Amino acid sequence: METAVIVAAAVFFVGMGVYALAAPGRLLAPFDITLGSASARAEVRAVYGGFGLAIAAMLAVALTTPDLRAGIVMTVAAALAGMAFGRLSSVLGGRTGFYPNWFYFLVEAFAALALFTAA
């Protein structure tokens, strides 16, 4: 079960990373963010693309290196929990619709909980 959770999280991060590298504007479009410059697209590619692929790679290391597994999985879980908390704080800025904010809040919160449990 814990291996399946780690693999699922890695697949999510690979998907996010590849999509951000290939189509940074489309990745952020559901959030009403437009990327008007090459610098803005580079930022999305770095933060969502490069980071997502790096996290997926570290999860692969966790699957193949038992001594590092718990630390890597806990770190990724904490990062996802932080992302969920950031979305939760959106209540300070006004009401948001279910998609995308609360949908991704649930994805990140459940993934964090699953990874904390798998660590």
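Buried means under 20% relative accessible area, exposed means over 50%, and partly exposed covers what lies in between (1.4 Å probe, protein chains only). By that scale Tyr104, at 21% relative accessibility, is partly exposed. Welcome to a short tour of a predicted model, in which local features need pLDDT of at least 70, side-chain atom pairs count only at pLDDT 80 or more, and totals for chains, interfaces and linings use all residues. Residues are numbered from 1 along each chain as its sequence is written, and side-chain values use heavy atoms, with hydrogens and water left out.

**Aromatic rings**

- A pair of aromatic rings is described by the distance of the centres and the angle of the planes.
- Rings of Phe, Tyr and Trp (its six-membered ring) pair if their centres lie within 6.5 Å; planes under 30 degrees apart count as stacked, over 60 as edge-to-face and the rest as tilted.
- Searching the whole structure turns up seven aromatic pairs. Among them is the tilted pair of Tyr99 and Tyr104, with 5.9 Å from centre to centre and 45° between the planes.
- Tyr99 is partly exposed, at a relative accessible area of 48%.
- Trp102 and Phe105 make an edge-to-face pair, because their ring centres are 5.5 Å apart and their planes stand at 75°.
- Both Trp102 and Phe105 sit in helix 5 (residues 98-118), three residues apart, or about one turn of the helix. Helices here are DSSP runs (H or I, at least four residues), numbered from the N terminus.
- One aromatic cluster brings together Phe31, Phe98, Tyr99, Phe103 and Tyr104.

**A nonpolar surface patch**

- Phe98, Tyr99, Phe103, Leu106, Phe110 and Leu113 make up a nonpolar patch on the surface, and together they have about 630 Å² of accessible area.
- Patches are made of residues with over 30% relative accessible area and no salt bridge; nonpolar side chains (Val, Leu, Ile, Met, Phe, Trp, Tyr) are joined within 5 Å, like charges within 9 Å.
- The areas come from the Shrake-Rupley method with a 1.4 Å probe, and for residues only the protein chains shown count as cover.
- Phe110, a member of this patch, is found in helix 5 and is exposed at 56% relative accessibility.

**Salt bridges**

- A salt bridge is a side-chain nitrogen of Lys or Arg within 4 Å of a carboxyl oxygen of Asp or Glu, and two are counted by this rule.
- Glu2 and Arg69 form a salt bridge at 3.7 Å, N to O. Glu2 belongs to helix 1 (residues 2-22) and Arg69 to helix 4 (residues 66-88), so the pair ties together parts that are 67 residues apart in sequence.
- Glu2 is partly exposed at 37%, while Arg69 is buried at 17%.
- Glu108 and Arg87 form a salt bridge with their closest N and O atoms 2.8 Å apart. Glu108 lies in helix 5 and Arg87 in helix 4, so parts that are 21 residues apart in sequence are tied together.
- Glu108 is buried at 2% relative accessibility, and Arg87 is buried at 17%.

**Helix 4 and its packing**

- The buried residues of helix 4 include Ile72, Val73, Val76 and Leu80.
- Those buried residues pack against helix 1, helix 3 (38-64) and helix 5; contact means heavy atoms within 4.5 Å.

**Leu35 in its loop**

- Leu35 lies in the loop between helix 2 (24-28) and helix 3, and it is buried at 17% relative accessibility.
- Leaving out residues up to four places away in sequence, Leu35 touches Pro24, Gly25, Leu28, Ala40, Arg41 and Val44.

Key: Helices (H or I, at least four residues) and strands (E, at least two) are DSSP runs, numbered from the N terminus.
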